[in-house]
Structure formats: structure tokens, C-alpha cells
Amino acid sequence: MNLPICRAVEPGFGLRIPTASSSTSWRVRNFATRSRFRPDLGGTPGPDRPRTNAFKRVSPGPAPIVRLGHVVLSVSDVSRTVGWWSEKFGVLVSDDIRLPDGTTAASFLRCDRGSVPTDHHSLIFATLPSGRVGFHHAAFEVIDFDDLVLGGEHLVERGRERVWGVGRHLLGSQVFDYWADPWGNKVEHWTDGDLLTADQAMQIQGMDAMTGVQWGPALPATFL
Ligand SMILES: [Fe+2]
């Protein structure tokens, strides 16, 4: 079943789909796209050295958000939920997290844009050890590492609680920084994640890959 896409008039704008209800009672209302707040100033590493005769100057303050990158929801049945999203939205599984008994504990899902590279994951469905079902975190892309660090300093100055970070994920490879919001939710700043085309096959992973980092602090016990 193909769902129509139309322009959103709500805050955030971008593109949206009409409401749809899943077999697991999630109500799906809005996919939005958004352009960057400021141009990428470029860097100098690597052979291309794209920034020449231009001085990099960044300013303290909250990190400008490029867009909502992904949302993580805890569910009671990952496989059934992924089946519904695959049928309705044609999502692809980038990484499937299996427990020793072979059941799926989490799935990292991406959009199927054919040969157009797209984020390693836009959605993650997971069954948490606590059994809790609901929203886990939302992740907002920032332009680069400078904005990730400056945004973190801004939040620290205002007494906000860092939950996990700064580090680099294994699955998706993003540089991440997680924060607690005043209402008990987690939100993430991230930058520099993997892009995949539809050709990339699903990878089967263990829990250690999902929770592991390439660098940075280990996953806090309270995170899941
Ligand atoms: Fe995340």
C-alpha cells in the first residue's frame, strides 16, 4: 500500500503523510524535511582541502539543528512492528540485533531510496530489558563536530544533564551526545553518520554492537 505524501503546514513544515495506525497501535503522522540553518564551513583534512582563503569562526550558543535524524521507540514485538513498517513504508533493515536465542531485540531501519544514499537509520525499534514500551529518544542532526561540542557547552552552562557522550557509535557511525530533557525524555545531537544505498545488505549483529562505541564513554547502565 502506497501512502500519499503532501506538504506539511504544521511547525517544522517539510513533507508529511496522512495519519496511519499500525498493527501495534502506533499512530504515524509526520515525516518532515528541513534545510540547514547555515552553510557548512568545510574543513581542511584530506587531499582536497576544500576550505581555502576562508577562516573558520564558530560562535558559542545552542547548536543549530539541521533536521530530525531518527527516532527510537521501544516496542513489545520488534519483528511484528518492523513487518508493518516494511509493508506500509518500504523501510529497509540496516542492522538487525539478535539475542543468543535468535530473537530480534532491535532493528535499525532506513528509507529505501534506491541508489540515493540515505541515513543508516531513521527509525529504531527495540525491546528494552526493562520491558518498558514507548518513546526512547529523538536524534537531531547538527552540522558538524563544532556545533555538537558548542551545543553541549551551551547545555552544560544551563545545568542540563548529559546522559551519554561525546562518542562515536558503532552502528551508523554517528558522533553522538545525549541529553535529558526536563520531562524525562532523552534527546541526541549527532553528526557525521553513515549513508547507505538500497544495495547494502542487512547485517545481523549482537547487543554488543548496538551498545558499543568506537570511542567515547561506555553506555551508561541507565540508558536502556
Ligand atoms: Fe540515536
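## Close-up views of the sheet and its helices

**Strand β5 and its two neighbours.** In this view, serine 74 has alanine 126 of β9 as its bridge partner. Strand β5 (residues 65-74) is joined by four bridges to strand β9 (residues 123-126), and the two run parallel. To strand β10 (residues 134-142), β5 is joined by eight bridges, in an antiparallel arrangement, within which valine 71 stands opposite alanine 138. Strands (E, at least two residues) and helices (H or I, at least four) are DSSP runs numbered from the N terminus, and two strands count as paired if DSSP finds at least two bridges between them. The model shown in every view is predicted, and local features are therefore given only where pLDDT is at least 70, side-chain atom pairs only at pLDDT 80 or more, while totals for chains, interfaces and linings use all residues. Residues are numbered from 1 along each chain as its sequence is written.

**The open sheet in its strand order.** Ten strands form an open sheet of mixed pairing, in the order β15-β6-β7-β9-β5-β10-β13-β12-β11-β16. The edge strands, each pairing on one side only, are β15 (203-205) and β16 (213-215). Neighbouring strands of this sheet are turned against each other by 25° on average, direction ignored, where axes are lines fitted to C-alpha atoms (for helices, over the stretch in contact) and angles between N-to-C directions run from 0 to 180 degrees.

**The β12-β13 pair and helix α2.** Strand β12 (residues 175-180) pairs with strand β13 (residues 186-191) in the antiparallel sense over six bridges, and tyrosine 178 has glutamate 188 in β13 as its bridge partner. Helix α2 (residues 145-157) packs on the sheet and touches β10, β11 (161-169), β12 and β13, its direction making about 20° with that of β12. Two residues are in contact if their C-beta atoms, placed from the backbone, lie within 7 Å.

Helix α1 (residues 78-89) lies across β6 (92-98), β7 (104-110) and β9, running at about 20° to β7. This helix of 12 residues reaches 16 Å from its first C-alpha to its last, close to the 16 Å expected at 1.5 Å a residue, the expected span being 1.5 Å times one less than the number of residues. Val78, Thr81, Val82 and Phe89 are buried in α1; seen down the helix axis, the buried residues fall within an arc of 95°, so they line one face of the helix. The arc is that of the directions from the helix axis to the C-beta atoms. A residue is buried if 20 or more other C-beta atoms, placed from the backbone, lie within 10 Å of its own, exposed if 12 or fewer do, and partly exposed in between. The buried residues of α1 pack against β6, β7 and β9, and the helix is followed by glycine 90, whose phi is positive, near 65°.

Asparagine 53, in the loop between β4 (27-28) and β5, has a positive phi near 55° although the residue is other than glycine, and is exposed, with 4 other C-beta atoms within 10 Å. Serine 173, in the loop between β11 and β12, likewise has a positive phi, near 65°, and counts as partly exposed, with 15 C-beta neighbours inside 10 Å. The peptide bond from glycine 165 to valine 166 is cis, with omega near -5°, and valine 166 lies in strand β11.
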